[in-house]
Every structure is written in structure tokens, then in C-alpha cells.
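Hello,

Here is the model I promised to pass on.

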Amino acid sequence: MSEGRRFGPQGSENLGIKILEEKKLETFTDGDIVSPKLYSDEVRLHKMFAHLRAHEPIRWTEPAGYRPFWTISRQRDILEIETASDIFLAGQRNRLFTKEEEQRIRERYGARPILPSLPTLDAPDHRKYRGIFQEWFAPGNLKKLEERVGQIVDERLAHAKRLGGTVDFVDDVSLWVPLQTIMMIFGVPFEDGERLHRLSGQLFNPFDPDKARKTDGQGPVEAAQELLDYFKVHIDSRRENPQDDLLSIIAHAKIDGQPINEREALSNAVTVFVAGHDTTSSTISGALNALIEHPECFEALRAGTAEVAQAVEEMLRYVSPVRNFMRVASRDYEIGGKTIRDGDAVLLMYPSGNRDESVYEEPNRFRLDRGRFTHVAFGCGPHMCLGQMLARLELRAFYTRFFQQVRSAKLIEPTSWLQTNFLGGPKKMLVKLQFC
Ligand code: HEM
């Protein structure tokens with residue numbers, strides 16, 4: 001199978017992606033831009049992004065097995081496209097699926113997306129459906145969760161301490177904090193945590209051999225269906241007996257005075273649930289990895305000379321677990337000297353935008369002295385992450401308690417990263433934590 005265009009160092013007009021570093025010329029292909037393997041190698045990934053930003057910030061990309069698209073790697077172009085949400089629409093294609101996966105989705109759901117929910121809606125419906133959740137995810141309402149989230153963090157750190165401090169930081173610690181938080185918000189039993197986590201992994205990481213669904217011929221479509229079936233039982237019960245939880249709000253939601261239909265309720269429930277846990281868990285673990293690699297920052301947080309709330313923004317910028325989302329142009333649009341044609345798709349590379357050297361000094365260093373800055377880890381525009389305040393609350397709760405209780409952290413072996421071109425982060429992270 002061809003990997004798409006590769007361009008040699010002899011410089012055709014379109015130089016492609018090549019990098020001269022330490023006298024070693026490294027070339028990339030269109031295939032690399034979608035390669036789950038490449039995304040598990042943070043160093044190469046960011047070399048590729050750096051080259052794209054420098055030489056082809058808006059690149060027509062034709063990887064084998066995918067419909068083509070423009071790769072958008074500079075922060076200002078990502079912001080411009082996401083803000084022009086009347087032109088760049090989410091409804092037709094918002095995720096990087098292979099042609100094969102798109103075919104499977106079509107066979108099962110016709111022209112509809114796998115989960116017809118917030119990320120796949122455009123104006124005016126998008127605003128109406130987002131309104132169902134807006135109040136719930138507002139900072140004032142989230143404040144009531146702080147204490148309980150703090151307890152969940154304390155329980156995980158106590159668990160790590162009981163294990164003598166030698167833990168897989170992902171499996172033993174980081175995944176449980178956002179998972180149990182979102183389960184509490186939805187009002188589903190903690191015993192189902194392992195199953196729900198496994199299904200989210202199958203939905204988001206079908207290329208990672210350790211996460212993909214094991215049943216022959218099955219993949220994200222079947223994982224999504226199992227999640228829909230799971231939440232159907234709970235939504236049905238909330239219709240009968242409303243509780244003080246988010247599922248009850250979804251079960252009773254109305255748009256233009258009419259109850260939303262079952263598929264919309266279920267798809268939005270699954271979307272918010274899965275969006276709300278691996279993202280934050282990857283940021284917690286990716287941040288610890290970064291802090292171990294930048295010991296001066298670890299020390300500043302431990303000693304209290306740097307603020308956790310500020311550090312959280314750098315964690316989000318540096319880790320950027322959501323690798324991309326897509327949009328489709330609804331008319332010709334000029335940007336960065338290129339013409340995006342009506343019907344062309346664009347791939348918005350958030351981690352690249354967050355290492356843009358025209359925005360950040362030393363973008364590849366984790367630093368706590370950046371002052372106030374913005375980033376695109378949560379995207380921007382009308383689809384900007386619904387759960388961003390919750391994610392910040394969890395990250396703050398985690399790292400405040402972590403630095404009260406943990407004196408040092410050391411990697412026992414190099415961290416391995418998820419093989420995924422969508423929702424990335426550490427997969428296995430063996431560390432030795434020393435408690436105070
Ligand atoms: C560190 C954690 C998180 C990161 C990095 C993250 C990142 C993102 C990104 C990049 C988008 C797409 C934005 C766009 O298209 O412009 C998004 C959308 C979304 N996120 Fe998050 N997210 C995180 C946590 C959460 C949490 C905790 C929840 C909810 C519990 C959540 C729920 C959603 C939803 C529902 C959307 C779709 C919003 C829409 O289309 O209107 N996310 N997130």
C-alpha cells in the first residue's frame with residue numbers, strides 16, 4: 001500500500017516534509033500524518049509538525065486508505081478556520097476515519113454519523129443542543145463537585161501509596177480520577193468502570209493492539225453500539241425516575257419544546273461520557289511525564305514557588321491529548337496563500353498549534369514562567385470543549401493534592417504512548433513515587 005507523497009531532499013517545488021537535524025535528514029510521508037505509530041513517538045511527531053509549520057503549514061494530504069484533506073498545522077490558521085464556523089462545517093466529516101471505517105459506518109447508519117451529537121452538529125442546531133449541557137458545565141455548578149473530586153484523587157494516591165509507590169501511573173492512578181468523576185456526574189455505578197474504560201479505548205484507539213476490540217471484524221462501530229446499549233438502560237430508568245445527575249437532564253431534554261429523540265439522547269450521553277475521561281486522564285499522566293523530564297518545574301510545584309492553576313495551562317498546551325478534529329469547507333476560502341475548495345476537508349492539528357514557535361518561546365520545553373497565554377488544546381469557536389472547566393477542576397484537584405503528598409517521581413522505564421491518530425497520551429508509565 002502506498003504511503004502517499006514523499007518528497008526527497010533534492011527539492012521539487014513542493015519540498016514535502018524533511019528535517020535536517022544533527023546532520024540527519026528525516027523525511028515523512030502523507031502516511032505519517034495519519035500514522036497511529038508515529039503518534040506514539042512524541043519526538044518524531046513534533047519534528048514532523050515543526051517541519052509542516054515551517055514549510056507547508058497548509059498541506060494537501062493524500063494518505064492511502066483515507067479521503068484526502070488539508071493538514072492545518074499553524075495555530076493562527078486553526079483559530080481562523082474554527083472561528084469561521086459558518087463556512088467550515090462539522091456535520092459532513094469531523095473525524096479522521098479510514099475509508100474502510102467510513103464504509104462500515106455507512107452500512108450501519110446510512111449517511112448519519114456514528115454518534116449524531118454535539119461534535120457533528122452545525123448552527124443553528126448545534127447551539128440548541130449545546131444549551132442542554134451549558135448550565136451544567138458552567139463553573140458555578142461545577143463548584144459543588146470539588147470536594148468529591150478531591151476525595152477521588154485522595155483515594156487514588158492512597159492506592160499508589162499502598163502499592164509502595166511503584167505503579168503504572170496510567171492504570172493505577174490517572175485513568176481513575178476522570179473516569180470516576182464522569183461516572184459520578186452521570187450517576188452510573190463505579191463497578192462498571194473497567195468495562196466503560198475498555199469500550200472508550202476501543203472507540204478511540206482501534207489501531208492500538210492493546211486497546212483495539214479483540215472480536216474479529218469488529219471495531220469502533222461495535223464499541224459505540226455497546227456503549228449506546230449500556231446508556232439506554234440508564235436513560236430509560238431516568239425517564240421513569242429522574243435523579244440529580246446529568247443522565248436525567250439528557251433523558252428529559254427538550255429542543256424547541258419537543259423531547260429529543262432516543263438516538264440523540266443516547267449519542268450525546270455517550271459522546272459527553274467518552275469525551276470526559278481519557279482526555280483528562282492523558283493530560284494528568286502526560287503532565288507527570290513532562291514534569292519528570294523537566295525537574296525544575298517539578299521542584300517549583302513541590303516547593304510551592306509555582307502555581308498549580310498556571311501549570312495546568314502549560315500541561316494542557318504541552319500534552320494536547322486531542323490530536324485533531326476535521327471540518328469541511330462549504331465554499332471556496334483563501335487562507336495562508338492556499339485556496340481551500342468548497343467540499344475540501346481540513347484536519348486541525350491541535351498539538352501542532354500548541355507548539356507553534358511564532359506563538360511560544362521554546363515551544364518544546366515545559367515551562368512555568370509563560371505568564372498568561374492561550375492554547376488550542378480545547379479547540380476554539382462554537383465547538384470549543386464543553387468540559388474544559390471540569391477538566392481544569394480535575395487537573396487542579398489532582399496536582400494540588402499530588403504535590404502535597406508526593407516528594408519525588410522517577411520513571412522506571414520509558415513511557416509508552418498510545419498508537420492513535422485521535423486521542424493520544426501515555427499508555428503505560430511505570431514510575432516510582434516517593435510519598436512525604
Ligand atoms: C484535558 C481534557 C480535555 C481536552 C484536552 C479536550 C479537548 C477537546 C477538543 C479539542 C474538542 C474539540 C473542540 C473543537 O472542535 O473546537 C473538545 C470537544 C468536546 N469536549 Fe473536550 N476535552 C477535554 C475534556 C473534556 C471533558 C472533561 C468533557 C466532558 C465531561 C469534554 C466534553 C467535550 C464535548 C462534549 C465536546 C464537543 C463539544 C461541541 O462539539 O460542542 N471534554 N474537547
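Below is what I found, from the overall fold to single residues.

This is a predicted model, in which local features need pLDDT of at least 70 and side-chain atom pairs count only at pLDDT 80 or more, while totals for chains, interfaces and linings use all residues. Residues are numbered from 1 along each chain as its sequence is written, and side-chain values use heavy atoms, with hydrogens and water left out.

The protein has 19 helices and 16 strands (DSSP runs numbered from the N terminus: H or I of at least four residues for helices, E of at least two for strands). Of its 436 residues, 57% are buried (buried is under 20% relative accessible area, exposed over 50%, partly exposed in between; 1.4 Å probe, protein chains only).

Now to the iron atom of the ligand: Cys-385 is its only protein donor, through SG at 2.3 Å. Donors here are N, O and S atoms within 2.8 Å of the metal (3.2 Å for Na, K and Ca), and water is not among the atoms, so sites may look incomplete. Cys-385 sits in the loop between helix 18 (350-353) and helix 19 (388-405).

That loop between helix 18 and helix 19 also holds Glu-362, a non-glycine residue with a positive phi near 45°. Glu-362 is partly exposed, at 37% relative accessible area. Ser-320 has a positive phi as well, near 40°, but Ser-320 is buried at 1%; its loop runs between helix 17 (308-319) and strand 9 (325-329).

Lastly, a cis peptide bond links Ala-123 to Pro-124, with omega about 0°.

Best wishes
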